[in-house]
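This report concerns the model displayed below. Please consult the sequence and the coordinates alongside the text.

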Amino acid sequence: MIKVLHAGIYNTVQDQGRPGYAKWGIPVSGVMDQYAARLANTLVRNQASDALIEITLGQGKFQFSERTDFCLTGGDYSPKLDEEVLETNRVYTAKKGAILTFGKRNYGAISYLAIPGGIRSEVVLESRSFSKGITQNRLEKGDELKILRKQTQSEQGYARIGMREEHYHSPTLSCFRGPEFDQLNEKQKQRLFALFTLSKDRNRVGYRLNESVENELKPILTSAVLPGTVQLTPSGKLIVLMRDCQVSGGYPRVLQLSENAISALSQKVAGEEVSFEITEQKNG
Amino acid sequence: MVNESLIDLCNLWSNSVSDLSKYNLTYKPFGPSAILIEWPAQIDEDIIRNIAAFERSIQKKKNISDTIIAYNSLTICYNREVNFDIEITQLQKQYEEVKPLQDAKSKIWQIPVCYHPDFGLDLEEIARVKKISVEELVRLHTAPDYLVYFIGFQPGFLYLGGLDEKIQLPRRANPRLRIEKGSVGIGGEQTGVYPMDSAGGWNIVGKSPVDFFDITKPKPCFAKAGDRIKFTAIDRDAFHEIAVEVRAGKYEPQFEPL
């Protein structure tokens with residue numbers, strides 16, 4: 001069992017989310033960074049579908065109620081287990097009662113805490129992912145998280161995997177033309193492919209960018225949006241929708257991020273630079 | 001997964017229309033693993049009926065993770081990257097064979113709304129811009145039986161068609177960061193109720209004490225696509241009385257068969 005000692009800013013339990021419920025307007029949800037979450041589950045020999053703890057901006061404090069293996073991936077916020085300084089992307093064994101804390105940011109924004117056997121939170125509509133209005137919003141101080149399957153400790157030990165540097169450090173986000181891309185004029189397109197910086201206004205629903213694109217596009221009749229959809233709001237600000245985004249919206253959809261780009265963007269913090277780059281569609 | 005509410009929707013409409021008209025659709029890739037199909041950009045009962053019938057015909061395929069219906073579009077989400085040439089050709093063929101369905105089970109829901117400036121943050125501003133009285137604005141907003149076109153934006157948010165042209169108003173240029181649960185808004189030619197606290201860009205005219213989404217119920221949304229909604233103006237005392245009943249789990253939304 002893992003006990004939440006400090007809630008942090010916005011920490012949740014996430015798995016691969018709950019697609020298939022658009023008819024009730026239910027967001028897909030799921031891990032913000034697919035790459036880091038997959039790595040965490042792989043390191044502790046879990047299935048890709050197992051749930052993990054998603055930690056935002058290195059805020060939060062956890063206690064292991066029993067001896068257990070664990071690993072941290074994604075954003076590196078100088079994690080410590082009691083007094084021991086930890087590395088990310090590596091499996092450790094916590095003693096009963098050991099406390100996990102975080103410190104100075106080295107890189108990234110979202111970290112994953114994976115336990116062999118996966119986290120056991122309530123399953124609602126086929127998923128353990130926290131989602132506003134569907135499950136509890138976020139982890140609160142005092143919450144106790146159980147492990148889904150008791151796993152015997154691995155005798156062969158666990159692998160250590162090298163980190164994909166560009167996932168955390170490259171400003172480039174690969175994307176596709178959005179449904180309303182062709183309504184943009186040349187000047188707007190030029191601005192769209194110049195540098196942007198991330199604003200402080202960021203959460204699991206969307207990340208807002210600081211700079212504006214001159215905008216005289218009309219709102220569209222409400223239509224589908226997806227995680228990774230880049231919306232151009234009437235004020236000219238761009239919003240990149242993330243995993244907890246709604247299923248439909250009315251702002252023009254100018255770009256659609258690739259799956260890798262959504263994961264990479266989730267690791268950026270306020271002030272970091274990003275630039276969009278069109279990837280050619282394979283066909284069609 | 002079969003979308004029950006949309007089957008009902010198709011069922012309802014099949015009674016009134018014998019021949020299913022075909023539209024000239026556009027098919028666009030929407031990222032690497034979704035296809036956006038678009039109908040003429042109008043809020044129109046014939047169009048949504050046609051979308052729902054098409055959606056029904058493609059529900060059961062294995063590689064589809066979800067379908068998203070909106071006023072003039074159907075988005076097919078696949079669970080992997082798509083070969084657009086192949087999938088679009090297949091969808092076009094399927095559209096030619098779309099058929100209407102039988103039977104109807106729709107309801108008209110009476111939804112109480114308090115149109116007091118304490119709740120209707122933009123009530124006076126809209127009245128001023130539209131050069132009508134607040135009373136007239138409320139009369140125009142409570143007059144129609146709005147059709148539930150689809151549910152989206154957030155869990156339990158009903159997209160309603162039938163808003164009077166005289167009170168249509170564009171979304172706010174800068175969305176509010178927090179709009180309270182139950183707030184009733186106008187966005188362009190659309191109107192609707194926010195089922196939970198959230199950010200949003202619609203102009204707020206009032207507030208309903210009714211829960212539009214409750215995950216603890218077997219059907220988290222009481223209303224479904226194809227139902228109709230009739231707003232009834234209530235005062236602040238009635239609002240608070242109903243709110244108490246809702247919190248105690250004693251309130252059931254009132255309806256009549258359509």
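## Basis of the model

The model is predicted: local features need pLDDT of at least 70, side-chain atom pairs count only at pLDDT 80 or more, and totals for chains, interfaces and linings use all residues. Residues are numbered from 1 along each chain as its sequence is written, while chains are lettered from A and ligands numbered from 1 in the order in which they are written.

## Overall form of chain A

Chain A contains four helices and 21 strands, taken as DSSP runs numbered from the N terminus (helices H or I, at least four residues; strands E, at least two). Its radius of gyration is 20 Å, close to the 19 Å of the globule rule for 284 residues, so chain A is as compact as a globular protein of that length. That radius is taken over C-alpha atoms, and the rule is 2.2 Å times the number of residues to the power 0.38.

Along its principal axes, the C-alpha trace of chain A spans about 60 × 40 × 35 Å. Of the 284 residues, 51% count as buried; this requires 20 or more other C-beta atoms within 10 Å of the residue's own, with C-beta atoms placed from the backbone.

## The barrel

In chain A, seven strands close into a barrel in the order β13-β20-β17-β18-β15-β14-β21, with mixed pairing; two strands pair if DSSP finds at least two bridges between them. Strands β13 (residues 172-177) and β21 (residues 273-278) of chain A run parallel and are joined by four bridges. A:Ser174 has A:Glu277 of β21(A) as its bridge partner.

## Core and a buried aspartate

The largest nonpolar core has 133 residues, of which A:Ala40, A:Ala114 and B:Leu158 touch the most other members. Such a core is a set of buried Ala, Val, Leu, Ile, Met, Phe, Trp, Tyr and Cys residues joined through C-beta atoms within 7 Å.

In chain B, B:Asp227 lies in the loop between β12 (203-207) and β13 (228-234). B:Asp227 counts as buried because it has 24 C-beta neighbours inside 10 Å. Its C-alpha atom is separated by 5.1 Å from that of B:Ser106, 121 residues apart along the chain.

## The interface

In total, 32 residues of chain A are in contact with 47 residues of chain B, contact meaning C-beta atoms, placed from the backbone, within 7 Å. On the side of chain A that touches chain B, the elements giving two or more residues are β16 (223-224) and β19 (248-249) of chain A.

Definitions and conventions:
Contact = placed C-beta atoms within 7 Å. Buried ≥ 20, exposed ≤ 12 C-beta atoms within 10 Å, placed from the backbone.
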